[in-house]
Amino acid sequence: MNLPASLTTSERQIGIGLSAALALMGLAMAALARDSVMALHGTMALVLGLGLVFRLGGVLYDAPPADPDRVLRYDDGPTRFGIWMTLAWAMVGMVAGVWVAALLYWPEATPPWPATSFGRLRPVHTTGIIFGFGGNALIATSFWVLQRTSRARLADALSPWVVLIGYNLFCAWAVTGYLMGATQSKEYAEAEWYADLWLVAVWVLYFTLYMRTLARRAEPHIYVANWYYLAFILVVAMLHIVNNIALPVSWAGSKSYTVWAGVQDAMIQWWYGHNAVAFFLTAGFLGMLYYFLPVRAGRPIWSYRLSILSFWGIVFFYIWVGSHHLHYTALPYWVQTLGMTFSVMLLVPSWASAGNAIATLNGAWGKVRDDATLRFMFVAAVFYGLSTFEGSFLAIRPVNSLSHYTDWTVGHVHSGTLGWVAMIIFGAIYTLVPQMAGRETMAWPKAVEWHFWLAVLGTLVYVIAMWNAGITQGLMWRAYDANGALSYSFLESVQAMAPYYLLRAMGGAMFLTGAVICTLNCRATLRASRSRDLQNDRPLVAQAAE
Amino acid sequence: MVLRLHYNLEKLSMGLVGAIILAASVGGLVEIAPLFTIDETVEIPADLRPLTPLELAGREIYMREGCYACHSQMVRSLADEIDRYGPYSLASESAYDHPMLWGSKRTGPDLARLGGKYSDAWQVAHLTDPRAVVPASIMPAYPWLMQPLDTSGLPGALATLARLGLPYDEAMIAGAEADARAQAAPDGAGTDAFRERHGDRPVQRAFDGDPSRLTEMDAVVAYLQSLGTQTEAARLAQEGTAP
């Protein structure tokens with residue numbers, strides 16, 4: 001981590017102050033904690049804070065970066081760190097995912113320890129992927145995109161590091177908490193109350209940094225990608241705060257109770273849950289797509305008007321659709337109907353985005369054929385289109401009566417996360433990592449090709465297995481025999497899943513293999529860095545840090 | 001005209017921020033705000049009882065182990081679900097659930113109507129080693145549930161839930177630990193006090209088979225046996241439609 005190199009002496013001093021404050025907070029948590037979870041989390045903060053104090057303190061009086069040098073460059077150190085964290089969390093999240101998928105086929109393989117049980121590892125997989133892998137990728141690329149589309153350096157050198165390190169502390173707190181049994185048990189919002197508060201603080205700093213940098217932009221217009229990143233930052237804050245309002249049992253313990261109960265809690269949970277898909281896994285990644293796809297293809301976005309339509313369509317329509325997770329439940333019928341209606345309407349802006357991305361490739365199809373990186377982004381756009389179509393379809397009440405509670409939903413989520421989110425992340429990584437290393441290509445260009453085909457094949461195997469699994473379950477559960485009795489016991493539907501669960505684990509393993517290749521390739525590429533030609537990749541006006 | 005407006009909006013970062021917040025708030029407000037008139041729209045049944053301290057401890061373990069990832073607690077109003085599980089779930093049944101555990105996936109069956117369906121001994125054997133009872137089961141084993149139950153957090157838990165509106169009174173909060181022990185030790189010294197505070201309806205049994213010790217297994221099984229029995233509202237409302 002080349003954190004100190006880009007900081008001036010006074011920034012290093014402030015950094016030491018903040019790290020010491022973090023260490024003190026950790027010490028207080030560890031000392032006052034009444035349960036082992038909070039004690040561990042306090043210790044983690046203490047160790048991290050002390051580590052940073054030593055890291056910065058050790059180089060405090062080293063030569064600060066020469067000033068002209070600093071303001072003539074974009075600040076890419078945090079992005080580089082963020083990409084490493086993205087890949088590290090990809091390993092954690094995907095290994096956990098493949099492992100729990102295998103446990104569904106070989107349940108006897110579960111070790112007899114609480115921490116390795118399916119129910120505790122499953123949120124490690126979801127949090128590791130959504131927040132760890134996806135979130136770090138979003139933050140890291142947002143810094144990269146924000147600076148280049150604004151032609152301005154980040155507003156200060158310290159806060160991007162605070163955002164990234166703070167964010168990763170949140171992720172680490174969350175997953176270690178699950179392993180020890182601390183969870184709010186709200187899906188995709190399982191982290192305990194103090195981790196949630198910590199994330200709010202990190203997020204406010206992230207938003208402030210974004211706005212301050214936008215304010216320094218040398219371009220009069222704010223580029224589309226930034227609209228999406230902004231929507232991601234703002235709406236995720238809103239969702240996170242409302243869904244996680246909770247009353248702690250004790251200020252010195254990890255346990256809390258959400259203030260929401262029953263049907264209200266269900267509606268708020270899925271308002272959150274589906275919009276985590278919308279604003280975390282879609283809006284932010286559309287921001288990524290709107291920058292990296294045109295850059296890699298060397299062509300401007302096909303339609304400016306269409307991007308306006310799809311942006312506001314997504315921001316406005318998505319927020320309504322969460323209730324389609326609650327068809328035929330005790331949620332009032334009219335709310336279900338609204339959720340279904342807006343889900344179908346959402347297809348218009350979703351396909352406008354996907355179509356806009358694919359049409360951008362018109363005239364660059366030769367590049368799509370030859371360049372695996374651009375192909376990652378093309379496939380991402382295609383899967384985005386397919387998943388949003390499937391999503392609207394599954395939200396229709398009678399379809400949902402079959403698909404809900406089955407593995408079809410799991411298949412749908414993974415066609416989105418593997419096919420769209422992960423593919424666009426890899427496309428972005430393969431675009432910016434060589435650039436960061438001052439190279440034309442990745443160190444092993446052939447490995448990108450291998451990764452691409454492993455990822456596509458893994459996704460298809462996974463998704464097709466889960467379609468079959470889900471439709472089989474749905475049909476078996478509702479089948480009646482001639483006498484009017486249910487044809488199958490629940491257990492028979494479980495037994496019918498075995499081949500699909502095995503295939504799913506294999507598809508996941510292929511996808512994981514591709515991600516491992518990507519990580520090694522990034523390592524080799526960054527190690528073989530050359531000095532960068534900054535002629536065309538620099539802020540338009542040299543600006544001093546604030 | 002609209003394009004012109006947007007052309008200018010793109011130059012104002014705070015304008016974009018405001019517009020995004022506005023556009024993203026409407027849906028949530030329309031769908032969520034009316035649910036806060038819940039007191040009028042969802043009638044809390046007169047017979048709805050909150051969980052006893054032991055059952056609440058079991059619910060905490062259910063959440064801790066992530067059971068909700070594979071088991072729903074929400075019978076939908078569909079014929080096959082009613083035939084398979086029992087009366088469809090009502091909003092009022094989970095009015096005391098912080099958080100709700102409706103779930104989103106059935107890798108295993110729905111549990112909303114589980115209470116009383118199997119014996120305690122079956123539940124204990126099944127949780128300890130599912131494949132000993134159901135050879136084709138893919139559920140993980142939970143042998144560590146035989147460890148002693150830590151009851152020290154119960155008074156605080158009940159007090160917090162009382163602040164959120166659950167009908168736990170001072171005596172229930174103060175007696176939470178004793179009541180947890182009493183519910184798993186029939187005919188023990190705490191029985192009368194337990195009955196006085198929690199009434200006649202919660203079942204009192206040596207859930208894990210041994211009245212002399214209080215284990216996590218006692219709590220989980222007590223919770224599982226309470227599912228669907230906190231109120232008769234769903235059964236009464238659907239008399240004749242349910243098996």
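Which residue of chain B forms a salt bridge with A:Lys255? The partner is B:Glu60, and the closest N and O atoms are 2.7 Å apart.

This is a predicted model, in which local features need pLDDT of at least 70, side-chain atom pairs count only at pLDDT 80 or more, and totals for chains, interfaces and linings use all residues. Residues are numbered from 1 along each chain as its sequence is written, chains are lettered from A and ligands numbered from 1 in the order in which they are written, and side-chain values use heavy atoms, with hydrogens and water left out.

**View 1. Charged and polar pairs join chain A and chain B.** The rule finds three salt bridges across this interface. A salt bridge here is a side-chain nitrogen of Lys or Arg within 4 Å of a carboxyl oxygen of Asp or Glu. The interface also holds 25 residue pairs in polar contact, both residues at pLDDT 80 or more. A polar contact is a pair of N or O atoms within 3.5 Å; within protein, one must be able to donate a hydrogen and the other to accept it, and residues adjacent in sequence count only if both atoms are side-chain atoms. Helix α9 (residues 262–297) of chain A gives the most to the side that touches chain B, with ten residues. Helices are DSSP runs of H or I, at least four residues, and strands are runs of E, at least two, numbered from the N terminus.

**View 2. The contact surface of chain A and chain B.** Here 92 residues of chain A are in contact with 81 residues of chain B, contact meaning heavy atoms within 4.5 Å. The two chains bury about 7400 Å² between them, 69% of it on carbon and sulfur atoms. Buried area is the accessible area (1.4 Å probe) that two parts lose on being put together, summed over both. A:Tyr257, A:Tyr405 and A:Phe490 lose the most area in chain A, together 11% of what that side buries.

**View 3. The two domains of chain B.** Domain 1 covers 2–41 and domain 2 covers 53–239, with bounds from an automatic or database domain assignment. Their C-alpha centres lie 41 Å apart. UniProt (unreviewed entry) places a "transmembrane region" at residues 12–36 of chain B; such annotations may be inferred rather than shown by experiment. That span is 80% helix and 0% strand, and its end C-alpha atoms lie 36 Å apart.

**View 4. A salt bridge within chain A.** The side chains of A:Asp76 and A:Arg148 meet at 2.8 Å, N to O. A:Asp76 sits in the loop between α3 (67–71) and α4 (77–105), A:Arg148 in helix α5 (residues 118–150), 72 residues apart.
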